[in-house]
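Reader: I have a model open and some labels to check. Can you take me through them?

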Amino acid sequence: MPLWTIVWSVLGTLVLVILVLNFRTPEKKPQHRMARHCNLVAPQFCREMGVLLGPAIVAGNRIEALQNGDEIFPAMLQAIRGAKRTITFGTYIYWSGDVGEEFAQALIERARSGVCVHVMLDWVGCDKISAGLIARMKSGGVEVERYHRIRWYSLGRLNNRTHRKVLIIDGTLSFTGGVGIADQWSGHAQDADHWRDIHFKVTGPVAAQMQAAFLDNWINHADVHQLPGGRER
């Protein structure tokens, strides 16, 4: 058998193994159907759903829906500029451009004012952010980490990404939804080059739960040695 045939066979097998490792479903599927013992409006139902899903279902929240970049970005930037203690910001997409620059400047200004600013960027989703922009944020006092850097020995977990898009201000005001930090979301979906999306501004105790979701990525990231708020691990 020719050498090139052996090489291509090995490479093909390697690619196939990587694809299988990334797209198989390792999660256990429930095999037991649980009986329902209360109706949907009973307090017990909320408690059971909270236990089943993870974070408890909490009351006292106020939710405001924001449409497209014209509504979403100004609200997020205003919240960042008004932060007094902490900013925790995790996003799957943060690209260089006018929008990315404006967010970076707002984060740097708050960090230099003494606010603890922590940013988690997915390594794949944020591939269009420049190294220079990240360097400026870091030099301005912003703690920036890239989630799950791709290395040769982790190709089997290439698809292990964080798609969370959360911004939490002072642990009480939060944003989540579908928008990414990029010029494509600016405006109001006025043409094919500007994208439509929705984001939610949430105040109340659920903001602390969103911060816990951010910390789930932060404290499990291999390169992170400090928790938001300045506490060592």
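Author: I63, I198 and F200 make a nonpolar patch of about 250 Å². This is a predicted model: local features need pLDDT of at least 70, side-chain atom pairs count only at pLDDT 80 or more, and totals for chains, interfaces and linings use all residues. Residues are numbered from 1 along each chain as its sequence is written, and side-chain values use heavy atoms, without hydrogens and water.

Reader: What makes a patch?

Author: Its residues have over 30% relative accessible area and no salt bridge. Nonpolar side chains (Val, Leu, Ile, Met, Phe, Trp, Tyr) are joined within 5 Å, like charges within 9 Å. A salt bridge puts a side-chain nitrogen of Lys or Arg within 4 Å of a carboxyl oxygen of Asp or Glu. Areas come from the Shrake-Rupley method with a 1.4 Å probe; for residues, only the protein chains shown count as cover.

Reader: Why does I198 count as partly exposed?

Author: Its relative accessibility is 30%. Buried means under 20% and exposed means over 50%, so a value in between is partly exposed. I198 is found in strand 7 (residues 198-203).

Reader: Which way do the residues of strand 5 point?

Author: V166 and I168 point one way, L167 and I169 the other, and all are buried. In a regular strand, side chains alternate between the two faces of the sheet.

Reader: How do you know that strand 2 and strand 5 pair?

Author: Pairing needs at least two DSSP bridges. Strand 2 (residues 86-91) and strand 5 have 4, in the antiparallel sense. F89 has L167 as its bridge partner. Strand 5 is also joined to strand 6 (residues 173-177) by 4 bridges, again antiparallel. There, I168 stands opposite S174.

Reader: How do you know that the length of helix 4 agrees with its residue count?

Author: The expected span is 1.5 Å times one less than the number of residues. Helix 4 (residues 98-112) has 15 residues, so it should span 21 Å; its end C-alpha atoms are 21 Å apart, which agrees.

Reader: What covers the buried residues of helix 4?

Author: The cover includes helix 3 (68-81), strand 2, strand 3 (116-122) and helix 5 (131-139). Among the buried residues of helix 4 are F103, L107 and R110. Just after helix 4, G114 takes a positive phi of about 100 degrees.

Methods:
Helices (H or I, at least four residues) and strands (E, at least two) are DSSP runs, numbered from the N terminus. Buried means under 20% relative accessible area, exposed over 50%, partly exposed in between (1.4 Å probe, protein chains only). Contact means heavy atoms within 4.5 Å.
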